[in-house]
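Here is a briefing on one protein chain. Look at the sequence and the 3D structure before reading the points.

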Amino acid sequence: MVIGGGAVDVAKDSVRLSPEIELLTLCSRTAVDGEALSCIHVLLELVNWVKVLEIATEHGILPLLYSTLSRNCPEAVPLPTLRFLEDRFLENAGAAMMLADELMAILDALKLEGIDAVPFKGVTLSAAAYGSIVLRQTGDLDILIRQRDRLLAKRILESRGYRLQTSIDGRGIPREPGKYEFRFERNGGKTVELRWRITQQQFASALDLD
């Protein structure tokens, strides 16, 4: 790094990324400009596709990878790889839509009982960050509620077939120190976490839910 005259010049060769990482970095976006697309075409000739898929799976960006490649340069991707990515994309899209439907049903059920609830992470984050619920790999549903509503919300989730996985005491408080959530599971693999804190208790101040 050279600093002089108010300018900072960072040598591009100071950090070398593998072709696989460079490709995934360029593909992990919702829009690709001409310069990025030119780089992608070059990298497609250099990458090890086994490594690309391993890294993309590890970082949860298979949907973004497929979206970018299928829209911009499908002919440059080996057909078996493109089909694999398409299959994973469609699987994730179906799961995301099911999660979104379930999220809306839960929020409606909570609202009927006067419980204010705010979804976060998951499909909500995907919609906010990417403008689509299908471009982020799905996981569980996370919902913020007020602490005073936790037991009523617990009964509502249980009425929908969810089973509480969090060990609680007689007061309905998680036994594990520092826990501020109820974790539920239901047949079919759906997982819901009801949270009444955003930051952990060891932080100096808590974010106000209101």
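A residue is called buried when its relative accessible area is under 20%, exposed when over 50%, and partly exposed in between (1.4 Å probe, protein chains only). This is a predicted model, in which local features need pLDDT of at least 70 and side-chain atom pairs count only at pLDDT 80 or more, while totals for chains, interfaces and linings use all residues. Residues are numbered from 1 along each chain as its sequence is written, and side-chain values use heavy atoms, with hydrogens and water left out.

**Glu181**
- Glu181 has a relative accessible area of 9%, so this residue counts as buried.
- Polar contacts (N or O atoms within 3.5 Å, one able to donate a hydrogen and the other to accept it; residues adjacent in sequence count only if both atoms are side-chain atoms) join the side chain of Glu181 to that of Lys179 at 3.4 Å and to that of Arg195 at 3.3 Å.

**Helix α3**
- Helices are DSSP runs of H or I with at least four residues, numbered from the N terminus.
- In α3, the buried residues are Trp49, Val52, Leu53, Ile55 and Ala56.
- These residues lie on the same side of α3, because they cover an arc of only 170° around the axis, taken from the directions from the helix axis to the C-beta atoms.
- Val50, Glu54 and Glu58, on the other side of α3, are exposed.
- The buried residues of α3 pack against α1, α4 and α5, where contact means heavy atoms within 4.5 Å.
- Asn48 caps the N-terminal end of α3, with a side-chain oxygen 2.9 Å from the backbone nitrogen of Val50.

Notes:
Helices (H or I, at least four residues) and strands (E, at least two) are DSSP runs, numbered from the N terminus.
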